[in-house]
Amino acid sequence: MVLLCQAVAFSSHHASGSAQGPSDATPLSDPVAAELIATELTAAKLAPAEAGLAERESATKTEASVDSNPGMQTGPTVAEIEFVQTRFDSVREGYQSLQWNEIEGATRYQILDSEGNSYYEGALPEAFISGLPDGEHSFMAQAFSADNVLVGASVQSAVMLVDHWPMSQAWASFGVGLIVFLAMIGLIAVGALRASKLTDEARAVS
């Protein structure tokens, strides 16, 4: 715009025929001034067009993000969900509990694995994950409001390393448990027999 003002002032001054001394700078010719004016006008027209293009590109990205998650809307601010514990090594039984912080305004929580499978959906900030095969499993948490707006998401996944007991060790543990159970039953039976015998002897004496 500065160049535009200078070119207009120079054109007006040149048209009035005002004289310049030999020490003045060499004036621009009328074609040069016209070219400067045309350049400024072109730039002024392009600026709004470029701004509109940037807005359209931003809107397109937002629409694509919403389309990738059908039925879900993203709120103005999404709170961070933090798991109480994010690493579980040597999960022998194949199940584990997950806990996280409550999110204000959330009425429903969901736990998803790395493949998008849902393992929990409920109102409490705690989930019991079971039936996991051997291997490493990652889980993420999301929180939704009553109108299905995403209001919270975990920034760090919870990782479980499942390593079931070997079958030989499992059968050995089962055998030990069975022996202990039978021993307890035997002790109870022996105690009952002794009590019954003492009762009979007391009756005989009386």
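Begin by selecting aspartate 163, which is partly exposed with a relative accessible area of 34%, where partly exposed lies between buried (under 20% relative accessible area) and exposed (over 50%), computed with a 1.4 Å probe on protein chains only. The model is predicted, so that local features need pLDDT of at least 70 and side-chain atom pairs count only at pLDDT 80 or more, while totals for chains, interfaces and linings use all residues. Residues are numbered from 1 along each chain as its sequence is written, and side-chain values use heavy atoms, with hydrogens and water left out.

Next, select arginine 108 and glutamate 121, which form a salt bridge with closest N and O atoms 2.8 Å apart.

Now move to aspartate 113, which is buried yet has no salt bridge, the nearest side chain of opposite charge, arginine 108, being 14 Å away; Lys and Arg count as positive and Asp and Glu as negative, with His and the chain ends not counted. The side chain of aspartate 113 reaches the backbone nitrogen of glycine 116 at 3.0 Å, and one of its polar atoms lies 2.6 Å from the backbone nitrogen of asparagine 117.

Conventions
Salt bridge = Lys/Arg side-chain N within 4 Å of Asp/Glu carboxyl O. Polar contact = N/O pair within 3.5 Å; in protein donor to acceptor, adjacent residues only side chain to side chain.
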